[in-house]
Amino acid sequence: MTTTDLFTAIDHVGVAVRDLEEAVAFYESTYGMRLLHEETNEEQGVREAMMGVGDSGSCIQLLAPLTEESTIATFLERSGPGIQQLAYRVEDLDAVCATLRERGVRLLYDSPKRGTSDSRVNFVHPKDAGGILVELVEPAADPTH
């Protein structure tokens, strides 16, 4: 990793929704996207669905709250449905986090958390990213390689 290439791709754009099944149906029937993965992440307080954007490797992540206390529920109450985060894919989350901290950027977690499909994630504080919640995603190791 060079200091100029922290990110390898846009991994996904997170979209807060009130009803996950309704949103999945809309993205399938209206945009022709495929449901690639669905899971519940208790720690993050969400039900989520990853919708594939063609064959690009990028996704739209639909996020619905599990409880009224979850971060997504708070977002929906404050802002309504819509884009909640932008996620960049990284090869070495620990190294990227260290570099960003050296550059004065605050991260939400001291150490990475578990994300979708056992990825490792951390988030850049929106106040340090132009008002955007930026997620950093290190995909889980592919056991086939």
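**Cores and sheet: a quick tour**

Let's start with the largest nonpolar core, which has 12 residues: Val15, Val17, Leu20, Ala23, Val24, Tyr27, Met33, Ala49, Met51, Ile60, Leu62 and Ala64. Keep in mind that this is a predicted model.

Who supplies this core? Helix H1 (20-31), strand E3 (46-52) and strand E4 (59-65) each give two or more residues. H1 provides the largest share, four residues.

Now zoom in on alanine 64. Which residues does alanine 64 touch, leaving aside its neighbours within four places in sequence? They are Val17, Arg18, Leu20, Gly45, Val46, Arg47 and Ile72.

Next, the sheet. Eight strands form an open sheet with mixed pairing. The order is E2-E3-E4-E1-E5-E8-E7-E6. Strand E2 (34-41) and strand E6 (113-114) are the edges. Each has a single partner strand, so one side of each has no neighbour in the sheet.

H1 packs on this sheet. The helix touches strand E1 (9-16), E2, E3 and E4, and its direction makes about 5° with that of E3.

Over to E7 and E8. Strand E7 (residues 120-124) and strand E8 (residues 134-138) run antiparallel, joined by five bridges. Asparagine 122 sits opposite leucine 136 in E8. Helix H3 (residues 93-102) lies across E7 and E8, at about 15° to E7.

Terms used: Residues numbered from 1 in each chain as written. Predicted model: local features only at pLDDT ≥ 70, side-chain atom pairs only at ≥ 80, totals over all residues. Heavy atoms only, no water. Core = buried A, V, L, I, M, F, W, Y, C linked by side-chain atoms within 4.5 Å. Buried < 20%, exposed > 50% of the residue type's maximum accessible area, 1.4 Å probe, protein only. Contact = heavy atoms within 4.5 Å. Pairing = 2+ DSSP bridges. Axes fitted to C-alpha atoms, helices over the stretch in contact; angles between N-to-C directions.
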